[in-house]
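Colleague: Could you take me closely through one part of this model, going from the strands to the helix that lies against them and then to a single residue in that helix?

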Amino acid sequence: MKKEEFQNALKPIAEGLFGKQRTRGYERPHFDVRPVEDMLKDLAEIEPVEWYSYAFSREPLNGKFNEEQRREWMEKSLACGRDYARKVSEKYQTRDPKKLAKAMGMDISYPEFPEKTDRVLFAEYRIPNKICIYMDAVKKGEKLFENPGILKLLAEGLDISRLLLAHELFHSVEEQYKHEIFTKTEKVRLWSLGFLHNDSNVIAFSEIAAMGFAQEIMGITYSPYIMDVFLVYGYSPEEASGLYEEMMVCAGRTPRTA
């Protein structure tokens, strides 16, 4: 994918990036642009479990759930990700995502842009053992570290590519433990008629758990969901501000004015 094509693909930004699930029709709105440091400061104060509304807003089955269910599943999915982060770290005796990836037999590549996609991707996992980290977004994020306030806020020494790698590694862990892991075994009954019924996996469980996994592996205090805003800002401060507004409203908070 050429750079111009990747930037054009930013249009469906409202469907989620780091926490991607699906793509819908899109009409480009306009948002007041805020300084990225201010937005990150606000978002970093949101407790991981309080992201449940935003996390499930990307879920195709979201309309079938109530608030109590979303929050309960958020807690369970985060706990799942953290538990398996500790499990694989102990198994391979490391928390370094690159060392974990090597020990797990993963094939890691670092191209500049995705080849072909109708979604915005910063990284992706491909069954059975391939992970791509797209470096154009990483480099733009690293450029923002020139702001001392951002560097301090996100923890000095944060390696963006390792954080993205940690997130994608969880999806490989899911495959390895698919017969027992919560994100694969927990299902939602969509309908039943006598002895017939239709049970479905919930995509959001996997993405939420991947956030918990990445947070535990990287040892950060804030939710990795804020990386949506951080990485998008390098391409479009306006789109990043729109995501910030959505995240704040989903968390029951008032977005700051520009």
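Strand E3 (residues 130–133) is joined to E2 by 4 bridges, and the two run antiparallel; helices (H or I, at least four residues) and strands (E, at least two) are DSSP runs numbered from the N terminus, and two strands pair if DSSP finds at least two bridges between them. Within this pairing, Arg-126 has Lys-130 of E3 as its bridge partner. The model is predicted, so local features need pLDDT of at least 70 and side-chain atom pairs count only at pLDDT 80 or more, while totals for chains, interfaces and linings use all residues. Residues are numbered from 1 along each chain as its sequence is written, and side-chain values use heavy atoms, with hydrogens and water left out.

The open sheet has 3 strands in the order E1-E3-E2, with mixed pairing. Its edge strands are E1 (107–109) and E2 (123–126), each of which pairs on one side only. H8 packs on the sheet and touches E1, E2 and E3, its direction making about 20° with that of E2; contact means heavy atoms within 4.5 Å, and axes are lines fitted to C-alpha atoms, for helices over the stretch in contact, with angles running from 0 to 180 degrees between N-to-C directions.

Helix H8 spans residues 160–176 and includes Glu-174. Leaving aside neighbours within four places in sequence, Glu-174 is in contact with Ile-181, Thr-183, Lys-184 and Ser-206. Glu-174 is buried yet has no salt bridge, the nearest side chain of opposite charge being Lys-184, 4.7 Å away; buried means under 20% relative accessible area (1.4 Å probe, protein chains only), and a salt bridge needs a side-chain nitrogen of Lys or Arg within 4 Å of a carboxyl oxygen of Asp or Glu.

Technical notes. Buried means under 20% relative accessible area, exposed over 50%, partly exposed in between (1.4 Å probe, protein chains only). Lys and Arg count as positive and Asp and Glu as negative; His and the chain ends are not counted.
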